[in-house]
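Colleague: Could you walk me through this one? I'd like to learn how to read its features.

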Number of protein chains: 2
Amino acid sequence: MRFSEDLTARARIRDAAVRRFGLDGFAGTPIKRIAADARVSAGLVVHHFGSKQGLIEACDAYAIAFAEVAEQRTEGNHEVLAYLARAMVERSADTAPLFDQMVARSEQALAESEARDTTDPKQRAAVLVAMELGGYALRAHLGRYFGEADFEHIGRAMSEILTKGLYS
Amino acid sequence: MRFSEDLTARARIRDAAVRRFGLDGFAGTPIKRIAADARVSAGLVVHHFGSKQGLIEACDAYAIAFAEVAEQRTEGNHEVLAYLARAMVERSADTAPLFDQMVARSEQALAESEARDTTDPKQRAAVLVAMELGGYALRAHLGRYFGEADFEHIGRAMSEILTKGLYS
DNA sequence: TGCACGGCTGAACGCACATTCAGCGGGCTG
DNA sequence: CAGCCCGCTGAATGTGCGTTCAGCCGTGCA
């Protein structure tokens with residue numbers, strides 16, 4: 001609870017949910033925990049979102065909209081990416097279109113750059129997206145090797161490996 | 001349930017647990033589901049392993065022992081790797097030593113190969129391990145781009161990116 | 001001033017799940 | 001043959017969680 005002090009309760013709940021779900025997973029976090037984070041009652045959560053499922057859908061929509069807009073790697077972006085990574089690991093059936101969308105975007109970016117050709121650009125893009133999301137899903141571990149949640153640094157290390165390759 | 005028809009019930013339960021936990025996560029799979037997969041009662045699971053926690057620890061030990069031995073990417077290996085990936089995503093506190101061990105091994109392998117030097121080999125190794133595990137954690141999505149669970153192919157695509165880099 | 005409405009709470013309900021327990025059957029040992 | 005251990009089951013228990021519900025309080029509108 002650093003920011004979002006002045007937000008409406010609804011927005012506070014959504015933010016807390018994104019953070020908690022990204023941290024502890026969907027099956028792993030009770031509504032009550034999210035409510036406590038947002039300093040509201042559990043009843044209010046369902047009052048605003050209908051059910052836990054409804055809350056999850058609202059989080060998805062928020063995260064997708066956020067990811068659409070934000071190209072830059074900004075502060076809140078990392079939390080949203082962590083949420084998305086967790087969602088794709090834990091709820092793969094639901095999030096298939098989202099993953100595909102990220103792959104398509106990555107493929108396009110690759111095509112527009114001077115990346116070398118490959119037999120299957122779509123497969124390469126899929127692997128790249130999985131690698132990036134994997135970094136977010138395992139950020140607790142990477143945080144022990146880089147500064148705590150120093151995504152800038154991690155991202156730099158990743159892209160250095162990817163652009164230069166392991167061997168010179 | 002393809003193999004392990006002739007195993008003891010205890011081994012069948014363990015195998016089913018590794019598969020289910022890797023597939024649906026720890027919080028996401030009831031003991032009853034594992035028992036059904038192994039064609040035993042839920043009571044027997046706790047009879048053999050004491051508790052769900054005990055079962056998880058047994059799975060961890062089994063997976064670690066398995067990963068120690070198997071260098072090759074064989075059939076059952078993928079299921080174990082998928083289990084480990086899921087464990088590290090969902091139970092990061094418990095699995096920190098395991099991740100570190102994989103990083104150390106990766107770092108050593110890199111040092112013994114002709115990989116180019118980097119400012120921090122340990123960080124590079126950590127990122128590589130995270131990337132590989134990420135592929136397993138997101139295998140449901142990658143499976144839509146490669147053959148269903150065609151890890152050979154995925155692994156090849158990954159290492160091609162890593163060795164050659166994205167740009168020529 | 002009175003009234004309706006929306007945000008919000010705490011208690012109550014029901015369910016799914018982990019865990020406990022009493023007991024059954026079959027093979028082994030005395 | 002008798003007794004016992006052990007793998008195994010099904011029912012019972014307790015609990016955490018999602019959801020429902022009756023009602024409170026403050027604000028804006030008549």
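Modeller: Let's start with a term: a residue is near a molecule or strand if its C-beta atom, placed from the backbone, lies within 6 Å of it. Around DNA strand C there are 16 residues, with Ala9(A), Ser41(A), Gly43(A), Pro30(B) and Ser51(B) the closest. This is a predicted model, where local features need pLDDT of at least 70, side-chain atom pairs count only at pLDDT 80 or more, and totals for chains, interfaces and linings use all residues. Residues are numbered from 1 along each chain as its sequence is written, while chains are lettered from A and ligands numbered from 1 in the order in which they are written.

Colleague: Which residues come nearest to DNA strand D?

Modeller: Pro30(A), Ser51(A), Ala9(B), Ser41(B) and Gly43(B), out of 16 around DNA strand D. Helices here are DSSP runs (H or I, at least four residues), numbered from the N terminus. Those giving two or more residues to the surface near DNA strand D are H2 (31-37), H3 (42-49) and H4 (52-69) of chain A, plus H1 (9-24) and H3 (42-49) of chain B.

Colleague: And how do I read two packed helices?

Modeller: You describe them by the angle between their axes and the distance between the axes. Axes are lines fitted to C-alpha atoms, for helices over the stretch in contact, and angles run from 0 to 180 degrees between N-to-C directions. Helix H7 (residues 121-137) of chain A packs against helix H9 (residues 151-164) of chain B at about 80°, with axes 10 Å apart. So H7(A) is roughly perpendicular to H9(B) (65 to 115 degrees counts as that).

Colleague: Which residues of H7(A) make the contact?

Modeller: Gln123(A), Arg124(A) and Val127(A), meeting Ile154(B), Ala157(B), Met158(B) and Ile161(B) of H9(B); contact means C-beta atoms, placed from the backbone, within 7 Å.

Terms used:
Parallel < 35°, antiparallel > 145°, perpendicular 65-115°, else oblique. Contact = placed C-beta atoms within 7 Å.
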